[in-house]
Amino acid sequence: MIEQYYPIFVMIAGGVVFGVLMGKVNEFLGPSRPTEEKSSTYESGMEPIKTARERFSIKFYMVAMLFIIFDIEVVFLYPWAVSYKQLGIQGFVTMFVFIAVLLVGYIYVWRKGALEWD
Amino acid sequence: MIPFWIILLKIVVVLGVLMTAAALVTFLERRISAFIQNRIGPNRVGPQGLFQIMADLVKLVMKEDIVPTAANKTVHDIAPMISISIALCTFAVIPFGNTIELFGYQVKLIIADVNIGILFILAMTSMGVYGVSLAGWSSNNKYSLLGGLRSSAQLISYELAMGLSIIGVLMVAESLRLDQIVMHQTRYLVGWLPAWNLFVQPLGFVIFFVAAFAETNRLPFDLPEAEPELVGGYHTEYSGMKFGLFMFAEYANMITSSALITTLFLGGWHIPFSENWGVSPLVMSLLQVLAFCVKVSIVVFFFIMVRWTIPRFRYDQLMNLGWKVLLPLSIANVLGTGLAILLISS
């Protein structure tokens with residue numbers, strides 16, 4: 001069973017080797033003449049104002065949370081989809097109820113304005 | 001049992017072709033964009049400027065690798081490598097042909113014939129978020145941070161629609177194996193129409209296609225690197241080959257997405273009506289690989305055309321499209337497919 005995955009591991013290893021190699025070749029071949037201005041943070045030629053380690057919009061956090069909820073639903077749908085033709089009408093009704101429950105949450109989130117981006 | 005060196009050979013060939021193709025697409029994009037904008041484009045190095053790729057590679061490798069003093073150096077180094085290795089390994093489960101007889105073995109033209117094909121691809125595209133968001137965070141640059149955040153929010157939003165649009169295909173094909181899905185598309189619907197999922201699942205196809213654009217950060221969804229607002233987005237602070245790796249990963253992702261679209265919706269390596277051509281199996285296999293490449297190239301060409309034709313979305317429009325349009329549509333597609341299968345089988 002696990003043997004099927006060996007080629008994938010080889011492939012990942014190939015990608016990592018390629019990435020590291022290219023990075024190292026660049027470090028080796030390219031010049032290295034750092035100056036203070038060159039290695040300061042880029043901010044359209046202005047003096048950088050504070051660092052980027054600051055608070056950012058909570059919207060991104062919101063999207064991540066909603067994603068997890070819906071993605072778990074999608075994960076449940078996969079095994080159901082593969083065996084759907086054997087499950088017949090019962091499978092359809094079961095999943096319809098499941099999706100209906102989730103849709104209630106979806107409509108709630110929408111009405112609450114969590115999907116608005118302003 | 002197929003000896004391991006044949007699998008290794010397949011991996012080397014696929015990685016080689018994928019890298020060459022990705023490099024070639026960077027060049028093609030410049031030529032096509034020039035053509036669309038009525039410019040000439042790079043045409044000096046070699047025939048039709050074809051060696052521009054090599055020249056670019058040499059140039060990128062010879063450039064100074066600048067790491068800002070404020071950046072987190074380790075993460076800054078690792079991020080492009082995450083991007084590139086994930087972009088390259090996703091291709092492992094995509095079938096690029098049927099079986100072929102090679103050195104006396106029946107070799108399946110797919111690198112890893114695993115039974116969770118689609119799940120692996122979805123997992124890997126999710127992992128792709130790490131490369132981008134780590135790059136954005138570690139640079140300690142406001143543009144980069146915003147680019148990385150936007151990119152991760154966009155990727156996860158469209159991943160939902162993408163995952164849901166595939167479910168219709170799975171319900172029809174009853175398998176997560178990609179070669180099984182292709183096999184299922186080799187039938188015919190009404191005698192003359194091939195049972196490609198493009199015709200069986202038109203709504204799913206459209207949703208998946210749109211989501212694929214967002215997943216690869218291509219225009220009209222290239223908000224993470226919207227030049228007028230964010231300079232270069234998450235790779236603002238990258239230079240030399242590390243920047244090159246990000247570019248390379250983007251184009252490799254584009255090719256993988258095109259291959260996935262081909263496999264899921266356009267019949268993969270299947271050539272319609274080729275069953276009664278009466279050519280030898282070897283020629284047939286080669287023709288099928290060629291057909292796969294042609295289909296992928298057409299989709300890639302479409303990707304490029306769209307980039308240079310359609311303006312960029314605003315971020316709220318992007319989020320609205322993902323959450324309020326594509327998500328309900330894809331749920332409706334799942335339910336609709338379920339009903340249709342019930343009606344047909346009864």
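Predicted model: local features only at pLDDT ≥ 70, side-chain atom pairs only at ≥ 80, totals over all residues.
Side-chain values rest on heavy atoms, without hydrogens and water; residues are numbered from 1 along each chain as its sequence is written, and chains are lettered from A and ligands numbered from 1 in the order in which they are written.

The largest nonpolar core holds 123 residues. A nonpolar core is a set of buried Ala, Val, Leu, Ile, Met, Phe, Trp, Tyr and Cys residues joined through side-chain atoms within 4.5 Å. Buried denotes under 20% relative accessible area, exposed over 50%, and partly exposed in between (1.4 Å probe, protein chains only). I118(B) and L264(B) touch the most other members of this core. Helix α5 of chain B (residues 142-173) contributes the largest share, 15 residues. Helices (H or I, at least four residues) and strands (E, at least two) are DSSP runs, numbered from the N terminus. A second, separate core has six residues, among them A79(B), Y234(B), Y238(B) and F246(B).

Contact here means heavy atoms within 4.5 Å.

Helix α11 of chain B covers residues 281-307. The expected span is 1.5 Å times one less than the number of residues. Buried residues of α11(B) include M284(B), Q288(B), F292(B), K295(B) and F303(B). The buried residues of this helix pack against α1 (4-36), β1 (99-102), α8 and α10 (240-265) of chain B.

T337(B) lies in helix α12 of chain B (residues 315-345). T337(B) is buried, at 7% relative accessibility. Its side chain makes a polar contact of 3.1 Å with the side chain of Q201(B). A polar contact is a pair of N or O atoms within 3.5 Å; within protein, one must be able to donate a hydrogen and the other to accept it, and residues adjacent in sequence count only if both atoms are side-chain atoms. T337(B) is also in contact with G168(B), M171(B) and V172(B). P202(B), in helix α8 of chain B (residues 202-215), is partly exposed at 45%.

The count of disulfides over all chains is zero, with a disulfide defined as a pair of cysteine sulfur atoms within 2.5 Å. The sulfur of C89(B) is 20 Å from the closest cysteine sulfur, in C293(B), too far for a bond. C89(B) is buried at 1%, whereas C293(B) is partly exposed at 38%.

Key:
Lists of a residue's contacts leave out its neighbours within four places in sequence.
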